[in-house]
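Please walk me through this model in the viewer. Tell me what to select at each stop and what is there.

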Amino acid sequence: KRVSTSYFAGKGNVLDYIFISKNIDKNHTSSIGEVHSYEVHNEHLIKNQNGSLLQSDHAQVVCEISLKI
């Protein structure tokens, strides 16, 4: 199940993504790297699901990539 990256009227939604080239897919024939992990930093949203103008209303989506170079 995907983690909510934004809330509207107390309902969580997935609106934020990271798009990565197929060349980073370890299963692709011309792969130059792979994704090791990803995290969704949404702690500030969970604490305030009805929104606030004092902080971002979207989560940060971060991934760790290693290259085969």
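Predicted model: local features only at pLDDT ≥ 70, side-chain atom pairs only at ≥ 80, totals over all residues.

Residues are numbered from 1 along each chain as its sequence is written, and side-chain values use heavy atoms, with hydrogens and water left out.

**Stop 1: the largest pocket**

Select Arg 2, Tyr 17, Ile 18, Tyr 38 and Val 61. Of the 13 lining residues of the largest pocket, these are the closest to its centre. The space in this pocket is about 340 Å³. A pocket here is an open set of points on a 1 Å grid over the protein atoms alone, where a 1.4 Å probe fits, with protein on both sides within 12 Å along at least five of seven lines; lining residues have an atom within 4 Å of a point. The volume is the space filled by probe spheres set on the points, which are joined across faces, edges and corners.

Now show strands S3 (33–41) and S4 (60–67). Each supplies at least two residues of the lining. S3 gives the most, with three. Strands are DSSP runs of E, at least two residues; helices are runs of H or I, at least four; both are numbered from the N terminus.

Colour the lining by class. It splits into ten nonpolar, one polar and two charged residues. Ala, Val, Leu, Ile, Met, Phe, Trp, Tyr, Cys and Pro count as nonpolar; Asp, Glu, Lys and Arg as charged; the others, Gly among them, as polar.

**Stop 2: the ring pair**

Select Tyr 17 and Phe 19. The structure holds one aromatic pair. The ring centres of Tyr 17 and Phe 19 are 6.2 Å apart and their planes meet at 40°, so the pair is tilted. Rings of Phe, Tyr and Trp (its six-membered ring) pair if their centres lie within 6.5 Å; planes under 30 degrees apart are stacked, over 60 edge-to-face, the rest tilted.

Buried or exposed: which is Phe 19? Phe 19 is exposed, at 76% relative accessible area. Tyr 17 is partly exposed, at 45%. Buried means under 20%, exposed over 50%, partly exposed in between (1.4 Å probe, protein chains only).

**Stop 3: Ile 18**

Ile 18 sits in the loop between strand S2 (11–13) and S3. Ile 18 is partly exposed, at 33%. Beyond its neighbours within four places in sequence, Ile 18 is in contact (heavy atoms within 4.5 Å) with Val 61, Val 62 and Cys 63.

**Stop 4: Asn 42**

Asn 42 lies in the loop between S3 and helix H1 (43–47). Asn 42 is buried, at 6%.
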